[in-house]
Amino acid sequence: MARIAHLSDIHFGAHDPKIVAATEAWLQQHQPGLVVISGDFTQRAKRDQFRHASAWINRLRAAGMKLLVIPGNHDVPLYNLARRFGAPLRRYKRYISNDLCPFYEDDEIAILGLNTARSLTIKDGRINHDQMRLLRDRFARVTAEKTRILVTHHPLFAMPIGKGGELSEAVGRHEDAVRAAAEAGIHIALAGHFHRTYAEAAQKMVAHAGGALVIQAGTATSTRLRNAEPQSFNWLHVHRHDEIELQVVVWDGASFQRGHHIAYFKRNGAWIGQDMVDPGALPGIQVAEKARV
């Protein structure tokens with residue numbers, strides 16, 4: 001079983017130091033097999049913000065954790081136009097990682113991260129055709145029994161972003177990107193960006209999407225909350241590529257506690273979610289699937 005902590009939208013520069021420390025302590029206590037961080041390490045891509053982010057992830061590495069990280073749109077300078085268009089991710093490469101499309105593989109899982117942050121967009125993301133080829137090529141070499149996971153900052157799909165049911169814009173080249181993910185046989189698609197926890201089968205979101213389970217992370221440590229959703233991150237237990245547990249770990253104002261917990265099973269090509277009864281869990285955050293077995 002692979003144990004993965006999925007965090008997103010750290011936003012150093014608009015962060016709560018107490019929650020940053022609590023996140024670090026929780027990870028050190030539970031020792032995930034892999035920590036995935038899906039972008040937005042900083043608020044405005046400033047040097048000091050990157051230095052704080054770098055020190056934090058270096059402490060995680062020093063504690064023995066393996067990390068797979070990708071940039072987000074906030075890691076591209078917004079107001080410094082020369083840097084934004086001339087060297088948009090230079091500081092990210094210097095302080096966080098020089099690899100914008102990292103790949104990790106072990107005996108159970110294979111994970112590819114793709115950079116969706118672009119200079120020409122303020123907040124939206126794109127995937128280019130070279131990245132789509134990389135997506136297909138990387139997973140073409142992965143054996144069938146391993147769980148295939150794709151990580152992006154911007155989700156591939158239009159996501160519900162408000163209580164009124166309004167949808168976000170999908171990532172640029174959405175249809176081609178979804179097709180590439182389906183052809184690569186992606187089982188789980190992880191993303192962030194909207195500071196909202198969400199999970200749904202891809203085939204329920206768009207036609208011809210393949211068999212992926214789409215999982216969104218909220219913001220782990222930022223003070224920029226949306227829809228009154230508290231800080232949180234995802235704790236995944238990947239038993240097999242057709243059996244996954246998702247538990248949302250939620251900040252309750254003093255510490256991180258267990259939140260919504262759902263087991264997902266793939267039956268006849270469709271993902272089915274089953275609530276895991278846990279009287280001690282916080283009720284706050286909801287994911288799309290409820291128990292239907």
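In strand β9, I215 is the bridge partner of L190. The model is predicted, so that local features need pLDDT of at least 70 and side-chain atom pairs count only at pLDDT 80 or more, while totals for chains, interfaces and linings use all residues. Residues are numbered from 1 along each chain as its sequence is written, and side-chain values use heavy atoms, with hydrogens and water left out.

**View 1. Strand β7 and its paired strands.** Four bridges join β7 to β9 (residues 213-216), and these strands run parallel; strands are DSSP runs of E with at least two residues, and two of them pair if DSSP finds at least two bridges between them. Strand β6 (residues 147-152) also runs parallel to β7, to which three bridges join it, and L150 stands opposite A189 in β7.

**View 2. Side chains of strand β7.** In a regular strand the side chains alternate between the two faces of the sheet. From β7 (residues 188-191), I188 and L190 point one way and A189 and A191 the other way, and all are buried (under 20% relative accessible area, with a 1.4 Å probe and protein chains only).

**View 3. Helices α5 and α6.** The axes of α5 (residues 129-140) and α6 (residues 174-183) come within 8 Å and cross at roughly 10 degrees; α5 and α6 are therefore roughly parallel to each other (angles under 35 degrees). H129, M132, L135 and R136 in α5 meet D176, A177, A180, A181 and E183 in α6, where contact means heavy atoms within 4.5 Å. By class, this contact has five nonpolar, one polar and three charged residues.

Notes:
Buried means under 20% relative accessible area, exposed over 50%, partly exposed in between (1.4 Å probe, protein chains only). Axes are lines fitted to C-alpha atoms, for helices over the stretch in contact, and angles run from 0 to 180 degrees between N-to-C directions. Angles under 35 degrees count as roughly parallel, over 145 as roughly antiparallel, 65 to 115 as roughly perpendicular and the rest as oblique. Ala, Val, Leu, Ile, Met, Phe, Trp, Tyr, Cys and Pro count as nonpolar, Asp, Glu, Lys and Arg as charged, and the others, Gly among them, as polar.
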